[in-house]
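Student: Could we go through this structure together, with the rule behind each label set out beside its value?

Tutor: Gladly! Let's take a look at it.

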Amino acid sequence: MKQLKKYLFMLLLAFSAMPGFAEKKDIDMKEILWGHIKDSYEWHVTNIGETPIVLHLPVIVHSSTGWHVFSSSEFSEELDAQGNRKGPFGLYIKSANDEKYPSKIVEMVDGQEVRPFDISITKTVCVLFIDAFILLLCILIPARWCRRHKVDDPAPKGFTGLMHMFIMSIYDDVVKAIMGKEADKYAPYLLTCFFFIFVANIMGIIPFPPGGGNLTGNIACTCFLGVATFLVTNLTGTKEYWKEIFWPDVPTWLKVPVPLMPIIEIVGIFTKPLALVIRLFANMMAGHAIALAFAGMIFIMFHLTTSDVVNNVAGSGISVVSVALSIFMMLLEILVSYIQALVFTMLSAVFISFAHVKEHE
């Protein structure tokens, strides 16, 4: 107990000493929050003193002068008068506050700013590759064990046994429970959705590379997953499914002369995957933003007033609360990561099953 009290006392002293190193600096919480959530051409890890630790990623663009492949380190760290970062080949990265092309690579052509064809390996793309590689390992290692063993062999142990249990729980409790006899047909897609989202969510919680990327908090990623479910649902729909959309079994005056019910059903086709996109995106982005906001409270309180004494007391007091809330949010994020992957998979299975309506007698 004495050692614990001593440790807590030293921790508070360390927090109290923090403003002595940063009392003259302005804390831009908006930049900190959006810097983590938004995509970028480099991966900022942390700062050691005044030195930023940055992983520079490859830039691949096709501009008015042809194809160019180079490192993002060639963009200047110094901002010009417009807040832009100049780079090679007449390219530059626009200011984060720009209304048209925020933090995007542009070039000047005939006096106008235009976006080149950009297929750069940004932070989000890099995180996508890492998460996909981890997902392959999680699936191929158990698959390799299954290929080398018979059905009546003892159950595997360790990581392989854990993945077997995890996969079968999702298959039996979600996919098979909803899809029924068609479970085997759609299980590969639904299981891929679940484990990809779950891996991406968990990796986003890890605060350092290869984690730290907010992949499912990016609307482009969740939009792709929603479009995939939309295509699987509607391209495999039965004739009865489409009949109930364009000519449902309702009174005729609800279908002609004004096609009220068909319009509602057609709108429903698009709102279902849209709900998947918004739910996953909003929950994961909000979780990261709240956790960062709790951490940022420490720096805000250390710069609360012009009095060092007040700042030290306020900062030291809020540090304990902020750290506790941040830890709570991280633990909650682990639960949310599982729930959001489960909800997306479950609703995708429900939407697909609704599209396989049998003909009514």
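Tutor: In the protein chain of 361 residues, 38% are buried, where buried means under 20% relative accessible area, exposed over 50% and partly exposed in between, using a 1.4 Å probe and protein chains only. This is a predicted model, in which local features need pLDDT of at least 70, side-chain atom pairs count only at pLDDT 80 or more, and totals for chains, interfaces and linings use all residues. Residues are numbered from 1 along each chain as its sequence is written, and side-chain values use heavy atoms, with hydrogens and water left out.

Student: What makes up the secondary structure of the protein chain?

Tutor: There are 10 helices and 9 strands. Helices (H or I, at least four residues) and strands (E, at least two) are DSSP runs, numbered from the N terminus.

Student: Why is Met165 called exposed?

Tutor: Met165, which sits in helix 5, has 54% relative accessibility and therefore counts as exposed, since the cut-off for that word is over 50%.

Student: And why is His356 called buried?

Tutor: Its relative accessible area is 9%, so His356 is buried. His356 is located in the segment after helix 10. Setting aside neighbours within four places in sequence, His356 is in contact with Glu182, Tyr186, Thr236, Gly237 and Thr238; contact means heavy atoms within 4.5 Å.

Student: What makes a set of residues a nonpolar core?

Tutor: The members must be buried Ala, Val, Leu, Ile, Met, Phe, Trp, Tyr and Cys residues, joined through side-chain atoms within 4.5 Å. The largest nonpolar core here has 42 residues, and Met179 and Phe195 touch the most other members. Helices 4 (123–148), 5 (158–179), 6 (183–205), 7 (219–235), 9 (260–302) and 10 (308–354) each supply at least two residues of this core. Helix 6 gives the most, with 14 residues.

Student: Which residues does Met179 contact, leaving aside its neighbours within four places in sequence?

Tutor: They are Tyr186, Leu190, Ala349, Ile352 and Ser353.

Student: How do you know which aromatic rings count as a pair?

Tutor: Rings of Phe, Tyr and Trp (its six-membered ring) pair if their centres lie within 6.5 Å; planes under 30 degrees apart are stacked, over 60 edge-to-face, and the rest tilted. By this rule there are 14 aromatic pairs. In one of them, Phe70 and Phe89 are 5.8 Å apart centre to centre, with 50 degrees between the planes, and the pair is tilted. The pair links distant parts of the chain, 19 residues apart: Phe70 is in strand 4 (residues 66–71), and Phe89 is in the loop between strand 5 (85–86) and strand 6 (91–93).

Student: Are Phe70 and Phe89 buried, exposed or partly exposed, and what shows it?

Tutor: At 7% relative accessible area, Phe70 is buried. Phe89 has 47%, so it is partly exposed.

Student: What makes the pair of Phe194 and Phe198 stacked?

Tutor: The planes of Phe194 and Phe198 are 5 degrees apart, at 6.0 Å centre to centre, so the angle falls under the 30 degrees for stacked. Both residues lie in helix 6, 4 residues apart, about one turn of the helix, and both are buried. Phe166, Phe194, Phe195, Phe198 and Tyr338 form one aromatic cluster.

Student: Why is a space called a cavity or a pocket?

Tutor: On a 1 Å grid over the protein atoms alone, a cavity is a set of points where a 1.4 Å probe fits but cannot get out, while a pocket is an open set with protein on both sides within 12 Å along at least five of seven lines; lining residues have an atom within 4 Å of a point. The whole structure has 2 cavities of 30 Å³ or more.

Student: How much space lies in the largest cavity, and which helix gives the largest share of its lining?

Tutor: The largest cavity holds about 90 Å³, and helix 7 gives the largest share of the lining, 4 residues. Among the lining residues are Thr229, Phe230, Lys272 and Phe354.

Student: What is the volume of the second largest pocket?

Tutor: About 660 Å³. Of the 31 residues that line this pocket, Asp39, Thr124, Asn218, Ala220 and Cys221 are the closest to its centre.

How values were computed
Grid points are joined across faces, edges and corners, and a volume is the space filled by probe spheres set on the points.
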